[in-house]
Amino acid sequence: MSGRFVIFTDLDATLLDHRTYSYRAALPALRMVKKRGIPVVICTSKTRTETETVARELGLKHPFIVENGGAIFIPSGYFPGSYYKRARIKIIKKEGYEVIQLGVPYLRLRSVFKTMRKKFGLKMVGFGDLSVEEIAMVTGLGQKEAELARRREYDEPFFCEHGSEFGLIQSIGHQDKTKTKIKASINDAQSRKIILGQNLRQEGPKEREKLLRKMKAVARSQGLRITVGGRFFHLTGHNDKGRAVRILKKLYRLGPGKIVTIGLGDSENDWPMLRAVDLPVLVARPDGRHLEILETGKQLFRTSRPGPEGWTEAVNFLLGLQKYVSGQTGPAAKKIKRR
Ligand SMILES: [Mg+2]
């Protein structure tokens, strides 16, 4: 495939290591990509300020997609102003960016989240319930990064009582008014014999699936949606990574020549992005397995290594480094299984 490449990439457990958040293993590939002038567009569930920090560290000056497609931030002047008009895209000029807003405001998300918690009588904890210290604990982020992770605009990440994060929070005694509220809603539910949380713990993954389906249905009835990320559930509007990627593709296409898009991700919330690109890459999860994808029909690249090592493996292979183009089959090429 020839043309100008554009790379769309998830961060957590894709470009960044799931546990350490390090991108070190991807640095040589990133350097090569930069040298070739290929845009790397971060497409993440992280907030704008978190993403800005990573982009700055990596020296990326390209658009980025935040909070699961909640908004696209394009550095001012990156695309000629006429492109937006031609693509019929509405932008807001804000702090050195041209912003395309696609998500539902955070206050509305929180209000629906609280209603769901009450309805299910389940211990559900969202970022909006947590202090900076608690966010640092459940994410493994440092204090400063956790502060940035808390500034949400279009996405409420949350976890439930069956998750390991819940145990962590309990171990430090999450003692504030939220806890009382959660407790009150659980008592309320128990009195109505909806003890979903308890059933969940006893009956395992099947019950969890069932509950997730129910939660998704409630979110849908409120015009919202729940997606499963690598670490948390996410409550958002009907924005997703795919919609945001398609908008950027439209803008890149207005430039000269054909474009070829690569997308890299590891989780369910990355799937809309992977469907929107020409060359989708499913990066192995930290345990070496891959997200189960039911849909087929598109060639999908699965990496053998997780996180930034998998990122490197796929990018080197797809950009057709000389050693692979010349007919030799390098180890990285063998590791990627095609389908
Ligand atoms: Mg991820």
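**Reading a magnesium site and a helix pair**

Me: Is aspartate 266 buried or exposed?
Reply: Aspartate 266 is buried, because its relative accessibility is 1%. Buried means under 20% relative accessible area, exposed over 50%, partly exposed in between (1.4 Å probe, protein chains only). This is a predicted model: local features need pLDDT of at least 70, side-chain atom pairs need pLDDT 80 or more, and totals for chains, interfaces and linings use all residues. Numbering starts from 1 along each chain as its sequence is written, and side-chain values use heavy atoms, leaving out hydrogens and water.

Me: Which protein donors does the magnesium ion have?
Reply: Donors are N, O and S atoms within 2.8 Å of the metal (3.2 Å for Na, K and Ca); water is not among the atoms, so sites may look incomplete. Here they are Asp10 (OD), Asp12 (O) and Asp266 (OD), 2.2 Å from the ion. Their spacing is D-x1-D-x253-D. Aspartate 12 and aspartate 266 are 254 residues apart and link distant parts of the chain. Aspartate 12 is partly exposed, at 23%.

Me: At what angle do helix 4 and helix 10 cross?
Reply: Two packed helices are described by the angle and the distance between their axes. Helices are DSSP runs (H or I, at least four residues), numbered from the N terminus. Axes are lines fitted to C-alpha atoms over the stretch in contact, with angles from 0 to 180 degrees between N-to-C directions. Helix 4 (residues 106–120) and helix 10 (residues 205–221) cross at roughly 135°, their axes coming within 11 Å.

Me: Which residues of helix 4 and helix 10 meet?
Reply: Contact means heavy atoms within 4.5 Å. Met116, Lys119 and Phe120 in helix 4 meet Leu211, Lys214, Met215 and Val218 in helix 10.

Key:
Helix = DSSP H or I, 4+ residues; strand = E, 2+ residues; numbered from the N terminus.
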